[in-house]
Amino acid sequence: GGKGKLYRDENLKRFERRKSNMGSDILTITVPDDYKHNTITTKSVYKTLSKNDRGKAVIKYIRDNNVTVILSYSDPPRPSILGRVSGENEMTIYVKKTKTSLETALTIVHETEHLKINKPNSKWQEQQCFIAERLFLLNKEYLTDSEIVDIMIKVENAYPGLPEEDDYGYG
């Protein structure tokens, strides 16, 4: 295995996964000096995702479904966006906004959940994506009721115009 496209920069240079040397073709993204980690590389993001089973499952999904992850240096369409599904089996992560390998990995987890659900966006779907992020971050099997309520409130505040559920009744 390992043929799946994992990362691509805006110039469409491909960064293929290599068994022993992931990310040796380094994408360096410069962020302001006041950030502790001032570069994001394919290797650092891959290593961050590989730290637990949830992240490894995201890598497997990306590989198995030939998903392209674009690490974009451009500004997002709206300032609040860290990443988005940008095509069939493609996501764009706005690294000027994510700033660290961890935040980039969390955004990949989030956008992968959108790809898995593959339905019109809704508050329910955003909740599922943020739950996936939190489960990855905390390396947990499930969240407490209060953690889920926190996510529901976050989604309600961040996406006021989004329907509660999608056209298929999810939510």
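Good morning. The model is a prediction, in which local features need pLDDT of at least 70 and side-chain atom pairs count only at pLDDT 80 or more, while totals for chains, interfaces and linings use all residues. Residues are numbered from 1 along each chain as its sequence is written, and side-chain values use heavy atoms, with hydrogens and water left out.

I begin with the overall arrangement. The chain has six helices and five strands, where helices (H or I, at least four residues) and strands (E, at least two) are DSSP runs numbered from the N terminus. Along the sequence, these elements follow the pattern β-β-α-α-β-β-β-α-α-α-α. Of the 171 residues, 44% count as buried; buried means under 20% relative accessible area, exposed means over 50%, and partly exposed lies in between, with a 1.4 Å probe and protein chains only. Contact means heavy atoms within 4.5 Å. Among contacts between residues at least 6 apart in sequence, 51% join residues at least 24 apart.

Let us turn to the interior. A nonpolar core is a set of buried Ala, Val, Leu, Ile, Met, Phe, Trp, Tyr and Cys residues joined through side-chain atoms within 4.5 Å. Which residues have the most contacts inside the largest nonpolar core? They are Leu49, Val69, Met91 and Ile108, in a core of 21 residues. Two or more residues each come from α1 (42-49), α2, β3 (68-72), β5 (90-94), α4 and α5 (123-138). Helix α4 gives the largest share, five residues. A second, separate core has six residues, including Phe130, Leu143, Ile151 and Val155.

Next, the packing around α4. Axes here are lines fitted to C-alpha atoms, for helices over the stretch in contact, and angles run from 0 to 180 degrees between N-to-C directions. The axes of α1 and α4 come within 9 Å and cross at roughly 65°, in a right-handed crossing. A crossing is right-handed if the near helix is turned clockwise from the far one by less than a right angle, and left-handed if anticlockwise. From α1, Ser44, Val45, Thr48 and Leu49 meet Ser101, Leu102, Thr104, Ala105, Ile108 and Val109 of α4. This contact of α1 with α4 divides into six nonpolar, four polar and no charged residues. In that classification, Ala, Val, Leu, Ile, Met, Phe, Trp, Tyr, Cys and Pro count as nonpolar, Asp, Glu, Lys and Arg as charged, and the others, Gly among them, as polar.

Helix α2 (residues 53-64) also packs with α4 (residues 101-117), at an angle of about 50° and with axes 10 Å apart. The two helices are therefore oblique to each other; angles under 35 degrees count as roughly parallel, over 145 as roughly antiparallel, 65 to 115 as roughly perpendicular, and the rest as oblique. The crossing of α2 with α4 is left-handed. Val58, Tyr61 and Ile62 in α2 meet Ile108, Val109, Thr112, Leu115 and Lys116 in α4. By class, there are six nonpolar residues, one polar and one charged.

Leaving aside neighbours within four places in sequence, Thr107 contacts Leu82, Gly83, Ile93 and Thr98.

The remaining helix pair is α5 and α6 (145-158). Their axes are 9 Å apart and the packing angle is about 130°, so α5 and α6 are oblique to each other. The crossing is right-handed. Residues of α5 in this contact include Phe130, Ile131 and Leu138, and those of α6 include Ile151, Met152 and Val155. This contact has six nonpolar, one polar and six charged residues.

Most residues other than glycine have a negative phi. Lys99, in the loop between α3 (95-98) and α4, has a positive phi near 70°. Asn118, in the loop between α4 and α5, has a positive phi of about 50°. Asn118 counts as exposed because its relative accessibility is 62%. Tyr142 lies in the loop between α5 and α6 and is likewise exposed, with a relative accessible area of 61%. Its C-alpha atom is separated by 8.8 Å from that of Ile131, eleven residues apart along the chain.

Thank you for your attention.
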